[in-house]
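Please keep the sequence and the 3D view open while you go through them.

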Amino acid sequence: MTVGDVDAARNGFDPSALVTEWETGTVSLLPDGRTLRTFEVTAEDKEIEIAPGIMFPAWTYNGRVPGPALRATEGDRLRIVFKNLGSHPHSMHFHGIHAARMDGVPGAGLIDPGEEFVYEFEARPFGCHLYHCHALPLKRHIHKGMYGAFVIDPDPARHPDQADVARSRLLGTPENAGWQEFVMVMNAFDTNFDNENEIYAVNTVAHAYMKRPIRIVRDKPVRIYLVNVVEFDPINSFHLHANFFDYYEQGTTLTPTLRTVDLITQVQAQRGILEFTYRDHETGLYMFHPHQSEFTELGWVGMFDVVEAVA
Amino acid sequence: MNDMLGSTAAASDPVADATEKSRRSLLWLVLPLVALALAILWLLTTDPLRSFRNGAPPVENLTFERTILSSAGISVLVRAGGSEPMTVAQVQVDDAYWQFTQDPPGPIARGATAWIRLPFPWVLGEAHAINIVTNTGATFGHEIAVAVPTPARDSLSLFHQGVLGAFVGLVPVAIGLMFYPALRGVGQGGMNFLLALTVGLLAFLFVDALEDALELAGEAAALFQGHVMVVLAATASFLLLMAVGRRHGAPAGLALATFIALGIGLHNLGEGLAIGAAFASGAAGLGTFLVIGFTLHNITEGIGIAAPILKKRPPLAAFVGLALLAGGPAVIGLWIGSLAFAPQWSALALAIGAGAILQVIVEVSFFLMRSSGTGLRALVAPGAMAGLAAGVGFMFLTAMLVKI
């Protein structure tokens, strides 16, 4: 395991906090009664510490890697005000449904340093998605840190048959409060730029959740929004120890696409939702990691610290 | 005109003139140094090279000098050669971040060394790769081709290495010298042949030592300028030995034999270092066959040493001394080499050996010219050519037994 600790204060973000942090934007009502959700995102160059003592010259959204985990509700009108304060042209390419003009590829929302662009589209389909920079060269822009989770919660009103399930997914409802939700972006860093990664992690910092396990209250079910953005390696995976989970591929359904598995694989940009519980387990430390031993030993491994409910 | 002025000045006050002269030459010695100090001061204070600073990270270089495998894990000695002090941030072993300690801790200054100690459960006979990641994310890899425990410095392993060294260096030289009585009867033709054979085998050793020295120098940290160091060390040892050897005229007889033994001894020191290092790094599983190869290979060395003393028989003690001088260093080399010494020291030893061998090549050639009485023609006579070919050929063929 890596030796030492990462200075979270200098980085300006802490994986322990980031794992439950959602950016829900500013909400207002449009004249037609729909919700307008506005996000502000800036591209910035920033040197970050990705493992104890190892600095990486990252390109970031809002000064953090991964970028803010944007969360909206199905049907929201989204407005993302994007400013490029970096040294290279950048964009935000959303995995979602939108017009060609809003795609974030060259000629459609790819902006030079100092410029600003507003992406506008409707939040759909519901699910666990991602956004990333689509400037060229693509590999470099992605592995330098320009990516983030983009979650669209289902609108219960649009899914009357499974309204309860939809409500449990909708941030802010009492049903949703009964869950413990985490966002995990599986990423990696090529520190010597030889097109191979030296550091693997979930939410950037190698071994962060080994040194500070993620606390889980035993009785509360767990939902993980998992996104893979690892560059250079064709595949990544998630394996849960001593337990099995239900999996919603890309999160676009309200019934699981895989039931009772303890391992799923994801290619780059593949993502999904994992649901499981430690209700019937002993308390203790339960490991999670990709079942590529190499990634595990190069930093992408963590622990859930399952504890009794706190009164 | 100048002479006239000089003599008038000298005539006026020779003592004052001499002090004035030495004072002036002292001034001319100090002035450039002051200029240098001022230039450095100017560089440091006004920073005129500021415009060259382009935001690029510092140049980093790290050389692995020693690798020690023990029950406690793996220890590597690294030497920093960066433009600025370097910081080891993390260490991978076989693509896994591993716990490590650094001794001494902190950034490693240019030219300085530090031990990196990893409590890694290495596997006997298998390969491992160490990869050091610095704070800038640069990586420096080192391969352990075959993991074997590094010989410890206990008396038993020293004894075993001593035995091995004796078989590689001492025994063959002694056996070669035992041909002495048989060789004594040869006439001038046979003598020429034997001397040419000596030159041939020495020529082989010279090329061999130089090649090994240059190869090892390539593995050393850049700041040692390995290849330049090898050439300089070889030249220096050649010139020094030439000067020493020629103090009382060209060496002949026992003196020449001693120089041959010294040159061969220095070569054997380097060879011992190489064998010891190969042993320590697990690169060579030293089989009996290989040892026999070395023994055969080195037997000619004894014959070469005997050649110049065929005409006048020295006392028995001289033979013992010659054998020890030529073969003994192999034992010492093995001892030092098995402790996994840094490549630049082995390169240095081999380079000094190469210079010493060159000196004896020159001296034996002169001796051959003199003793045959035909001058330069002696070197190209059929007998000498045959001896030369036999010497090089025998060394080359027996080397086939030991080169892996």
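1. I begin with chain B, for which 12 helices and seven strands are assigned. Please keep in mind from the start that this is a predicted model, and that the values below were computed from it.

2. The overall form of chain B deserves a careful look, since a compact globule of 404 residues would have a radius of gyration near 22 Å, whereas the value for chain B is 28 Å. Along the principal axes, the C-alpha atoms of chain B fill a box of roughly 85 × 75 × 35 Å. As for burial, 44% of the 404 residues of chain B count as buried. If you take the contacts in chain B with a separation of 6 or more, 81% of them are accounted for by residues 24 or more positions apart.

3. The domain assignment of chain B gives three parts, namely domain 1 with residues 2–52, domain 2 with residues 62–144 and domain 3 with residues 155–399. Taken over C-alpha atoms, the centres of domain 2 and domain 3 of chain B are separated by 37 Å. The contact between these two domains of chain B involves eight residues of domain 2 and eight residues of domain 3. On the domain 2 side of this contact, the largest share is five residues, and it comes from strand β1 of chain B, which covers residues 62–70. That side of domain 2 of chain B, sorted by class, divides into one nonpolar, four polar and three charged residues.

4. Which residues of α6(B) are buried? They are B:Gly226, B:Val230, B:Ala233, B:Ala234, B:Ser237, B:Phe238, B:Leu241 and B:Gly245. Because these residues cover an arc of only 130° around the axis, they lie on the same side of α6(B). On the other side of α6(B) you will find B:Val228 and B:Ala243, which are exposed.

5. Although B:Gln225 is not a glycine, it has a positive phi of about 45°. Is B:Gln225 buried or partly exposed? With 14 other C-beta atoms within 10 Å, B:Gln225 is partly exposed, because a residue counts as buried at 20 or more such atoms and as exposed at 12 or fewer.

6. Turning to chain A, a second residue with a positive phi that is not a glycine is A:Thr260, where the angle is about 50°. A:Thr260 belongs to strand β16 of chain A, residues 258–261. Since A:Thr260 has 10 C-beta neighbours inside 10 Å, it counts as exposed.

7. Chain A also contains cis peptide bonds that I would ask you to inspect. One of them joins A:Arg124 and A:Pro125, with omega about -5°, and A:Pro125 lies in the loop between β7 (116–122) and β8 of chain A. Another runs from A:Leu136 to A:Pro137, with omega near -5°, and A:Pro137 is placed in the loop between β8 and α3 of chain A.

8. Chain A is divided into domain 1, residues 8–176, and domain 2, residues 180–307. Their centres, taken over C-alpha atoms, are separated by 20 Å, and the contact between them takes 32 residues from domain 1 of chain A and 31 residues from domain 2 of chain A. Among the elements that give two or more residues to the domain 1 side are α2 (15–18), β2 (35–51) and α4 (163–169) of chain A. The largest share of that side, five residues, comes from β8(A). By class, the domain 1 side has 21 nonpolar, 10 polar and one charged residues.

9. Finally, how many residues of chain A are in contact with chain B? There are 17 of them, and they are in contact with 14 residues of chain B. On the side of chain A that touches chain B, β3 (54–61) and α7 (293–297) of chain A each supply at least two residues, and the largest share, three residues, comes from β3(A). That side of chain A has nine nonpolar, five polar and three charged residues.

Terms used. Residues are numbered from 1 along each chain as its sequence is written. Chains are lettered from A and ligands numbered from 1 in the order in which they are written. This is a predicted model: local features need pLDDT of at least 70, side-chain atom pairs count only at pLDDT 80 or more; totals for chains, interfaces and linings use all residues. Two residues are in contact if their C-beta atoms, placed from the backbone, lie within 7 Å. Helices (H or I, at least four residues) and strands (E, at least two) are DSSP runs, numbered from the N terminus. Ala, Val, Leu, Ile, Met, Phe, Trp, Tyr, Cys and Pro count as nonpolar, Asp, Glu, Lys and Arg as charged, and the others, Gly among them, as polar. Domain bounds come from an automatic or database domain assignment. The radius of gyration is taken over C-alpha atoms; the globule rule is 2.2 Å times the number of residues to the power 0.38. The arc is that of the directions from the helix axis to the C-beta atoms.
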